[in-house]
Amino acid sequence: MMHRFPLLLTLSALSIGIQGPSGDEILKRVDQNMFSQKKILLSRMVIHGRRETRTVESKSWQRGTNESYTEFLAPAREKGTKMLKLKDMLWEFSPSTDRTIMISGHMLRQSVMGSDLSYEDMMEDPHLPNLYSATVASSEVLNGRDCWVLDLKAKKEDIAYDHRQAWVDKERYVVLRENLYAKSGKLLKSVDVREVMHVQSHWLAKSVLYKDVLKEGEGTEFHIDSVTLDADIPDYIFSKAALRR
Amino acid sequence: MISFLLKGLLRDRSRSLFPLLTVLGGVVLTVFLNAWLNGAVSSLIQSTANYSTGHVRVMTKAYAKEADQIPNDLALLGIDTLMSALRHNYPDLLWTPRIKFGGLLDIPDEKGETRAQTPVGGLAVNLLTADSPERNILNIREAIIRGHVPQKHGEILVGEELAQKLRIQPGDTATLISSTMYGSMSVTNFVIAGTVRFGIAAMDKGSLIVDIADAQQALDMQHGAGEILGFFADDLYHEDRANTVTEDFNFRHSFTSGDTSKSEAVFAPIMGTLRAQSGLDDYLELVGQFSTIIIGVFVVAMSVVLWNAGLTGSLRRYGEIGIRLAIGEDKSHIYYSLLAESLMIGFIGSLLGTAIGLAVAYYGQVKGLDIGSVLKESTVMFPNVIRAQITPFTYVVGFLPGLVATFLGTAISGIGIYRRQTSELFKELEA
């Protein structure tokens, strides 16, 4: 009988180890891996519409979670269009009209450049732990990587996706797949990471397929061609005046 | 015989006045309602054709399935070739491309910041080409309230109510925020050339009219159009011809599996007639049935009234008929003379009723009835002022029912004559 206590203690300790980290802990680790304070991205969106495929190229400057500036470089029609996000405000500058339009209300639900991403998606706080509480639903192997499947439930009411399912790489803490759902339970979007890259100790998605399930077409591929983390970004970039420069 | 009966009717007004007034009232009502329904239906057809569907409409198959949502990403492309083919194959119709779109109209202040903004429904038509039929189809010159018809690219017309709401006037700049056919945000500046009022609530409260070339540029739809509308040159909808043209066009553009890709088949053009689109077919069917029911109810109700009038008349003329039977007049002869009387009353009542009904309908045709306040929130292409419309059928629509009702009423009430026994006549007369 006396021998049983150390055995039970050992089994209990082992079972905690087997259980692994909680959903919220995993989400925090994901956030730590994916987030960097300053970032400059060169990216391409390959939009597979019902009739044709278009490629939109852009350069983005991001500082923290509240400031983001994007300039579209191609195609010719979109070249010079700029977008600025400051906290919960979003503006788009159209060079052909020299007008800066604030994107608000129902316009936030519109697609960005015809892609499967909406302005609302761009406005979302990238720190998922701020928005969702997570639980581990299961473990799965996805594309040869061992993953946790997390169920994310929104902490707030006014949020685009009430709950999400996320497949998180157990080793790299990068999200490899996500399904985004409405409050009704209807699947709205799916996100599939096709390629990841290792940049300055961060594992980041390099190639992602976004699919708006409610939209016809084959989805939107998002490719990061280059990324500079902790870059020097001048303050003027994140001002409305920069839109007209 | 006829003049004898006529004299009787004129001299004994109690015999003719009530049935005459009944027939007259019923016929006036039938003629007026018929003219009113004609007016409402033809207004609906014309405004739906002019502002929405044309007499026939060509779209891609994919667009046609979701036409209510104006899916410009599924629009017709390369319309120049299609337009040439339509003009060549069906020269009796006028063909014109259109683009419908939604968006926001944004009015800047002096600093270029948003001063006012509202959702709008846009209609892009061929405004600037000299041979375009659109100015006449949309009746644009008459609809101008302020300013002028666009003379050059970049000029637009806005609904007068919309202009007042946004406090804009001709010469001001407005920015259209919409989305291209590929889904990108489209931001385009326009100069307001004028304001319009079409007298259709759905158009006036939030519409803007743009030249189609400007819309193609703004919405990234080069050589594209959401729809191509066909109009008969006389501005009247000819259903048989529309069906023939539609069948022929759809046959020419039908694909069999194997000779084309799935994508080509989805974006192949398809034609529909005015009636077959926008639920108008069901609506017109309903109106037709409603019209038949009105006439049916009128005949039945009047027959019942006149039957009662006939019974009352028979009671009042009990003695007269008895004497006529007593002096040897045949029952059938009396019955037929009563029917002849009723036909005369029906004829005169229907004639007078038609005349009065036509006069009232004519008044309704000239003055019209303004139902704008009822249609304030309507999205149906229905004119604010409904006018009665007198057609050749209106002249006869009340006449036959008027005759039939009086005839039926008398025919039923007069059957009592055959029940009277000659042997009882003198007893009855003594009493």
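Biologist: What percentage of the 431 residues in chain B is buried?
Modeller: This is a predicted model, and burial is judged by counting neighbours, a residue being buried if 20 or more other C-beta atoms lie within 10 Å of its own C-beta atom. Among the 431 residues of chain B, the buried share comes to 39%.

Biologist: How many helices and strands does the secondary structure of chain B come to, and what share of its contacts with a separation of 6 or more joins residues 24 or more positions apart?
Modeller: The secondary structure of chain B comes to 17 helices and 14 strands. When the contacts of chain B with a separation of 6 or more are taken, those between residues 24 or more positions apart account for 80%.

Biologist: Why does the distance between the end C-alpha atoms of helix α16 of chain B agree with its number of residues?
Modeller: Helix α16(B) runs over residues 399-413 and so has 15 residues, which at 1.5 Å a residue should span 21 Å. Its buried residues include P401(B), L403(B), L408(B) and S413(B).

Biologist: Turning to chain A, which residues of helix α2 are buried, and where on the helix do they lie?
Modeller: Helix α2(A), residues 23-34, reaches 16 Å from its first C-alpha to its last, close to the 16 Å expected for its 12 residues. The buried residues of α2(A) are G23(A), I26(A), L27(A) and V30(A). Seen down the axis of α2(A), these residues fall within an arc of 100 degrees, so they line one face of the helix.

Biologist: Which elements of chain A are included in what covers the buried residues of α2(A)?
Modeller: Chain A has 5 helices and 13 strands to draw on. The cover over the buried residues of α2(A) includes one helix segment and several strands of chain A, namely α4 (128-131), β7 (132-142), β8 (145-154), β9 (163-169) and β10 (175-181).

Biologist: Which element gives the largest share of the side of chain B that touches chain A?
Modeller: The contact takes 17 residues from chain B and 17 residues from chain A. On the side of chain B, the elements that give two or more residues are β3 (93-108), β7 (173-179) and β8 (185-196). The residues on that side divide into 5 nonpolar, 9 polar and 3 charged. The largest share, 4 residues, comes from β8(B).

Conventions:
Residues numbered from 1 in each chain as written. Chains lettered and ligands numbered in written order. Predicted model: local features only at pLDDT ≥ 70, side-chain atom pairs only at ≥ 80, totals over all residues. Contact = placed C-beta atoms within 7 Å. Nonpolar A, V, L, I, M, F, W, Y, C, P; charged D, E, K, R; others polar. Expected span 1.5 Å × (residues − 1). Buried ≥ 20, exposed ≤ 12 C-beta atoms within 10 Å, placed from the backbone. Arc of directions from axis to C-beta.
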